[in-house]
Amino acid sequence: MKDEGVYDNSVILIMADHGYNNDEDPGKQNPLFAVKGYNEKHPFAVSDIPVTYDDLQEIYQNLLADKTGEDAVKTANPSGVRTYYYYVYGPNYTVEEQTTDGHAWETEKLTPTGTIYGPVSEN
């Protein structure tokens, strides 16, 4: 994009899959999320602002309104509370809804909402 001269005038969002978490290797549900707004010209930076797929529509709107990448993300979920779905695998698996206001890798901050979906058949 830089070679073609369109990088500076581009909005770029990259969001990885959800990751995973298990007893043998906990805390891996921390996917990559990268955002660059129009005409941003600064080195790569890491932010601790918590976001989720639910926030993407507002982030898109903020970027289209010419906000910087960080400002677009910062205002999308001011509470920082996100919903996490924990899958319990097996012949008939369930999905437990949880919320967190911590980092994705802080599994001790996950709080069950009491909503459980399933059991769901694999067939």
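Author: Tyr-85 is placed in strand S3, which covers residues 82-88. The model is a predicted one. With a relative accessible area of 37%, Tyr-85 is partly exposed. Together with Tyr-87, Tyr-89 and Tyr-117, Tyr-85 makes a nonpolar surface patch of about 490 Å².

A pair of aromatic rings is described by the distance of the centres and the angle of the planes. The structure holds one aromatic pair. Its rings belong to Tyr-85 and Tyr-117; the centres are 6.4 Å apart and the planes stand at 55°, so the pair is tilted. Because Tyr-85 lies in strand S3 and Tyr-117 in strand S5 (residues 111-121), the pair ties together parts that are 32 residues apart in sequence. Tyr-117 is partly exposed as well, at 40% relative accessibility.

Strand S5 has one further feature. The peptide bond from Gly-118 to Pro-119 is cis, with omega near 5°, and Pro-119 is in strand S5. Most residues other than glycine have a negative phi, and most peptide bonds are trans.

Now the wider arrangement. The protein has two helices and five strands, and along the sequence they follow the pattern β-β-α-α-β-β-β. The protein has 123 residues, of which 24% count as buried.

Another tyrosine, Tyr-7, has charged neighbours. The charged end of Lys-2 sits over the Tyr-7 ring, 4.9 Å from the centre of that ring. Lys-36 also lies over the face of Tyr-7, at 4.9 Å from the ring centre.

Next come the charged pairs. Side chains of opposite charge can pair when their charged atoms come close. Three salt bridges are found in a search of the whole structure. One of them joins Lys-41 to Asp-8, with 3.8 Å between the closest N and O atoms. Lys-41 is in the loop between strand S2 (33-36) and helix H1 (56-64), while Asp-8 is in the segment before strand S1 (12-15), so this pair ties together parts that are 33 residues apart in sequence. Lys-41 is exposed, with a relative accessible area of 65%, whereas Asp-8 counts as partly exposed at 33%.

A salt bridge between Lys-74 and Asp-71 has an N to O distance of 3.7 Å. Both residues lie in helix H2 (residues 69-74), three residues apart, or about one turn of the helix. An α-helix has 3.6 residues a turn, so residues three or four places apart point the same way. Lys-74 is partly exposed at 44% relative accessibility, and Asp-71 is partly exposed at 34%.

Lys-109 and Glu-106 also meet through their side chains in a salt bridge, at 3.8 Å from N to O. Lys-109 is partly exposed, with a relative accessible area of 37%. Glu-106 has a relative accessible area of 17%, so it is buried.

The loops remain. Asn-39 and Ser-47 are in the loop between S2 and H1. Asn-39 is not a glycine, yet has a positive phi of about 55°; at 48% relative accessibility, Asn-39 is partly exposed. Ser-47 is partly exposed too, with a relative accessible area of 38%. Between the C-alpha atoms of Ser-47 and Glu-70 there are 7.9 Å in space, although these residues are 23 apart in sequence.

The loop between H1 and H2 holds Asp-66. Asp-66 also has a positive phi, of about 75°, and is not a glycine. At 57% relative accessibility, Asp-66 counts as exposed.

Note on methods:
Residues numbered from 1 in each chain as written. Predicted model: local features only at pLDDT ≥ 70, side-chain atom pairs only at ≥ 80, totals over all residues. Heavy atoms only, no water. Patch = residues over 30% accessible without salt bridge, like charges linked within 9 Å, V, L, I, M, F, W, Y side chains within 5 Å. Areas by Shrake-Rupley, 256 points an atom, 1.4 Å probe, with all protein chains shown as cover. Salt bridge = Lys/Arg side-chain N within 4 Å of Asp/Glu carboxyl O. Helix = DSSP H or I, 4+ residues; strand = E, 2+ residues; numbered from the N terminus. Buried < 20%, exposed > 50% of the residue type's maximum accessible area, 1.4 Å probe, protein only. Phe/Tyr/Trp six-rings, centres within 6.5 Å; stacked < 30°, edge-to-face > 60°. Lys NZ or Arg CZ within 6 Å of the ring centre and 35° of its normal.
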